[in-house]
Amino acid sequence: VLRATSLVYSSLKFVSSLQLGLCEPDVWRGTPLCMAQFAQMFGTARIPHDERDEMKVSPSPTHVVVLCRNQFYFFDALWPTGELGITEEDLEFNIRSILSDRESDDEPVGLLTTESRKRWAVHRQHLEALSDNNQAIAEIIDSACFILCLDTSKVHTTLAEACGNMLHGTYAVHEKDGKMVQVGSCCNRWYDKHQIIVTADGTAGVNFEHSATDGHSMLRFVSDVFADTVVRFAQSITATTHGVSYLRPVLPETYKQPADGNGPRAGVRKMTWDVDQDLAQAIAYAEAAISDQIVQNEVVTLEFTAYGADWIKHNRCSPDSFIQVAMQTAYYTLYGEFAPTYEAVMTKPFLHGRTEAGRSCTTEYCEFAKTFIRPGATATAKHTAFQVALNAHSAMLKQCASGKGIDRHFFALRAMAN
């Protein structure tokens, strides 16, 4: 509860700072970056359609949707003018009241968002056609700042298990009414929006809808929120021991007291979908399908501690180029061939810039990999090939970052031709 409260409160401060125009712009090597993505980071939903999905953006979102035990809740958190309308204490009260609701008979409608986009489009159209109530719930979800997923399980003993839960959720098999059914946190999701996920043991992560936002922008949000939670915790210590705070807040406090004195503490409202037999069957199918996908794939994490960016920079190498050459060489060593590879290159110095695809499997990388494993190759030859490969990679990235890449350009031409 405390972890979820802290993260959501800092997240709301971030949303408020955006709406009030108080968010400091990103800067990369002295160059201001385009902040257009942040305007569609919150209050945004990806709406499925038969042919092409729609990005639906609510310019001034004011509420948060919470998923807990597959059930949907929401509460107001911001004023329409952008100021915070909730305190951290109020937020904790809301989260505790949601967790205290033990009813769990609702169908896990969020599972439908794991389906293929065309199949989900059909189900969503049917869902909204069933009742005005369903239409209202869908609108509340679409226009929410973000979704908080409260997972009541704490089965993540390793980092890989935690990452798997944030990526796709976990599942388990239980007996219900004499039948074996698959349930788990994979049911407690809504993948068409940004989700802050917190498990019962306080493990937290973010799963975001990539269509509207790139990793660089989401990382800014995550880093600001994490830093704000740390600073607020440190401020509570200094205030206790010294009676004063020595740390500058990361995100501005914009709380505005309600004029009538009634805060949003009692404002948690539960939303219950109307589901017919066809939708119930579709949900059951989606649950089985996502469970099959989970067990068919393996999530592995690598935490390498032998050396890092400082050591690589000390040896006059780019950490990114160093990692790319390592991956190309490892793949070639394993399989005896090279695979088409790209890494995202930020183009936000340009208006509405997102990314370019930097093709990291260069000729120079291939030559180094062959030299590296060739019997009899001298250390000097390997080092020379290594430096040539790194220099070529860095030059290619600079071209991509300066708008001279080819992938997005040709993709745009193809899209126009179609």
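Asp-26 counts as buried, at 8% relative accessibility. In this predicted model, the Asp-26 side chain meets that of Lys-348 in a salt bridge, with an N to O distance of 3.7 Å. Asp-26 lies in the loop between H1 and strand E1 (27–28) and Lys-348 in the loop between strands E13 (343–346) and E14 (355–358), so the pair ties together parts that are 322 residues apart in sequence. Lys-348 also counts as buried, at 2% relative accessibility.

**Other salt bridges**

- The whole structure contains 22 salt bridges.
- Glu-209 and Arg-46 meet through their side chains at 3.4 Å, N to O.
- Because Glu-209 is in the loop between strand E11 (204–207) and H6, while Arg-46 is in strand E3, this pair links parts 163 residues apart in sequence.
- Glu-209 counts as buried at 9% relative accessibility, whereas Arg-46, at 23%, counts as partly exposed.
- A salt bridge at 2.7 Å, N to O, joins the side chains of Glu-128 and Arg-124.
- Both Glu-128 and Arg-124 belong to helix H3, where they are four residues apart, about one turn of the helix.
- Arg-124 is buried, with a relative accessible area of 7%, and Glu-128 is partly exposed at 23%.
- One network, joined by salt bridges that share partners, comprises Lys-13, Glu-88, Asp-228, Arg-232 and Glu-253.

**Helix H3**

- Helix H3 covers residues 117–130; at 1.5 Å a residue, its 14 residues should span 20 Å, which agrees with the 20 Å between its end C-alpha atoms.
- The buried residues of H3 are Trp-120, Ala-121, His-123, Arg-124 and Leu-127.
- These buried residues pack against strand E3 (44–47), helix H4 (132–143) and helix H7 (277–296).

**Nonpolar cores**

- The largest nonpolar core has 33 residues, of which Leu-12, Phe-14, Val-66, Phe-146, Leu-148, Leu-150 and Phe-221 touch the most other members.
- Elements that each supply at least two residues of this core include helix H1 (2–19), strand E5 (63–68), helix H2 (88–99) and helix H6 (215–241).
- H1 provides the largest share of this core, seven residues.
- Beyond its neighbours within four places in sequence, Phe-146 contacts residues including Val-8, Leu-12, Phe-42, Val-64 and Ile-196.
- Another core, of 28 residues, lies apart from the largest one; Leu-127, Ala-138, Ala-144 and Ala-282 are among its members.

**Nonpolar surface**

- Leu-302, Phe-304, Tyr-307 and Trp-311 make a nonpolar surface patch of about 480 Å².
- Leu-302 sits in the loop between H7 and helix H8 (309–314) and is exposed, with a relative accessible area of 75%.

Notes:
Residues are numbered from 1 along each chain as its sequence is written. This is a predicted model: local features need pLDDT of at least 70, side-chain atom pairs count only at pLDDT 80 or more; totals for chains, interfaces and linings use all residues. Side-chain values use heavy atoms; hydrogens and water are left out. The expected span of a helix is 1.5 Å times one less than its number of residues. Buried means under 20% relative accessible area, exposed over 50%, partly exposed in between (1.4 Å probe, protein chains only). Contact means heavy atoms within 4.5 Å. Patches are made of residues with over 30% relative accessible area and no salt bridge: like charges are joined within 9 Å, nonpolar side chains (Val, Leu, Ile, Met, Phe, Trp, Tyr) within 5 Å. Accessible areas come from the Shrake-Rupley method with a 1.4 Å probe; for residues, only the protein chains shown count as cover. A salt bridge is a side-chain nitrogen of Lys or Arg within 4 Å of a carboxyl oxygen of Asp or Glu. A nonpolar core is a set of buried Ala, Val, Leu, Ile, Met, Phe, Trp, Tyr and Cys residues joined through side-chain atoms within 4.5 Å.
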